[in-house]
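Hello,

Here is the structure I promised to pass on to you. Have a look at it first, and then read on for my notes.

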Amino acid sequence: MKSIIYSFLLSTLFLSVKAQDIKPGAIWPDEQGIHVNAHGGGILYSNGTYYWFGEHKSEKTSAALKGVTCYSSKNLTDWKNEGIALAVMPDGSGSDIEKGCVLERPKVVYNEKTNKYVMWFHLELKGKGYDAARVGVAVSDKVTGPYRFIHSYRPCAGKWPDNMSETERTSTVKPEDFEKWWTPEWRQAVEEGLFNRRDHAGGQMSRDMTIFVDQDKKAYHIYSSEENLTLQIAELSDDYQSHTGKYIRIFPGGHNEAPAIFKKNGIYYLITSGCTGWDPNEARMFTASSIWGPWKQHPNPCRGDDANLTFHSQSTYILPVAGKKDAFIFMADRWTPKHPSDARYIWLPIQFENGLPVLKWMDKWNLSIFD
Ligand code: GAL
């Protein structure tokens, strides 16, 4: 009898430990045993529960056929499907978020002043490839939704970045002046604001993106702009539903995508990828002691095998673990464009070496790594 009890206890212990493991790259079953479908996602912690929002992907296409999914969890390993938080609009509705549009990298934040949840996402209009380069906004009174679509647009129309010089603002150099892209002259012109000026009146292009809420509750939109060549950081209005028009350009011509950010001890850490579509590339890392810069580049934070491909993944979000000091999880997607819904999640703990974040591959790990 004793040994039965002993082995029962051992197996429950084993099971509970096993249940808590995060396994980067493995199928991640939800409460119904179905692989979580929340790609390019982000997580909001609210009243003791984590809410994971992401792109619902189907078997064959990356276009949005359903919308943004929401999953909930208390422990970051067991996820319950809460359904579609923001639904795309029916075929032929003419809505910006009509079924078949591209709706990527949704991020949800909570606004204390309005008591509303605000979802931001990268939007490409149906049938227009990636030409629209817009950001979209939806709101809800309830964290799990349904979210109501508010608007989509190109940010900061008619505004100059704070860190763009008068010479750059008034330059008459235009994209049409260049027969070929990628020449040294063209690169220099890009750095000096070629595409920012082109888009000044209509608003800046906005593709891969994230939203960051600082300790003072100010929120920022960080996005790939200017033909994905330059990142921009823009301040959001107090209700988090639009831009104030204050923004900066960072790493002009640096070709950064997939921004993910966290803050620790007053330092902002930004991790991005290069621009190779669904194919992985080497992560980049930047730091600053003010969101408005100056930003400084550091070497790739990944270590070990396939570090130069970010372990075959692309950043999407960095999650502060609730109740644990300086505990951050790097979240990335291992895309599978031939079978989009099968894409895997690469979550790794952020470790620090010589004061800088490092990411090391782990087949499995759990939150006790932060203790
Ligand atoms: C990636 C981007 C993804 C998706 C993809 C489409 O570079 O990070 O979110 O837009 O391109 O090719």
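To get you oriented, in which loop is Ser95 found? Ser95 sits in the loop between β4 (80–87) and β5; helices (H or I, at least four residues) and strands (E, at least two) are DSSP runs, numbered from the N terminus.

Before the rest, some housekeeping. This is a predicted model, in which local features need pLDDT of at least 70 and side-chain atom pairs count only at pLDDT 80 or more, while totals for chains, interfaces and linings use all residues. Residues are numbered from 1 along each chain as its sequence is written, and side-chain values use heavy atoms, with hydrogens and water left out.

Back to Ser95, then. With a relative accessible area of 21%, Ser95 is partly exposed; buried means under 20% relative accessible area, exposed over 50%, and partly exposed in between (1.4 Å probe, protein chains only). Ser95 and His151 are 56 residues apart in sequence, and their C-alpha atoms are 10.0 Å apart in space. For another pair, take Ile22 and Tyr247: 225 residues apart in sequence and 37 Å apart in space, C-alpha to C-alpha. Ile22 belongs to the loop between α1 (2–19) and β1 (39–46), and Ile22 is buried, at a relative accessible area of 1%.

Now to the ligand, which I expect you will want to look at. Around the ligand are Glu104, Arg105, Tyr130, Asp208, Glu257, Gly277, Trp278 and Gln314, where a residue is near a molecule if one of its heavy atoms lies within 4 Å of it. This shell divides into two nonpolar, two polar and four charged residues. In that count, Ala, Val, Leu, Ile, Met, Phe, Trp, Tyr, Cys and Pro are nonpolar, Asp, Glu, Lys and Arg are charged, and the others, Gly among them, are polar.

- Asp208: an N or O atom of the side chain is 2.5 Å from an oxygen atom of the ligand.
- Glu104: a polar side-chain atom lies 2.6 Å from a ligand oxygen.
- Gln314: a polar side-chain atom is 3.0 Å from an oxygen atom of the ligand.

On its own the ligand has 310 Å² of accessible area, and the protein covers 89% of it (Shrake-Rupley method with a 1.4 Å probe; for residues, only the protein chains shown count as cover).

Arg105 is buried, with a relative accessible area of 3%, and its side chain reaches the backbone oxygen of Ser315 at 3.0 Å.

Helix α3 (residues 184–191) has its buried residues Trp186, Ala189 and Val190. Seen down the axis of α3, they fall within an arc of 105°, so they line one face of the helix; the arc is that of the directions from the helix axis to the C-beta atoms. On the face turned away from this buried side, α3 carries the exposed residues Pro184 and Glu185.

How many disulfides are there? The count is zero, taking a disulfide as a pair of cysteine sulfur atoms within 2.5 Å. For Cys70, the nearest cysteine sulfur is that of Cys101, 19 Å away; Cys70 is buried, at 0% relative accessible area. For Cys302, the nearest cysteine sulfur is that of Cys275, 16 Å away, and Cys302 is buried too, at 5%.

Last, some backbone details. Most residues other than glycine have a negative phi, and most peptide bonds are trans. Here, the bond joining Gly145 and Pro146 is cis, with omega about 5°, and Pro146 lies in the loop between β7 (134–140) and β8 (148–153). The peptide bond from Gly293 to Pro294 is also cis, with omega near 5°; Pro294 is in the loop between β15 (284–288) and β16 (296–298). Glu227 has a positive phi, near 60°, in the loop between β10 (219–225) and β11 (230–236), and is partly exposed at 22% relative accessibility. Phe311 has a positive phi of about 55° and sits in the loop between β17 (302–303) and β18 (314–320); Phe311 is buried, with a relative accessible area of 2%.

Best wishes

Conventions. A polar contact is a pair of N or O atoms within 3.5 Å; within protein, one must be able to donate a hydrogen and the other to accept it, and residues adjacent in sequence count only if both atoms are side-chain atoms.
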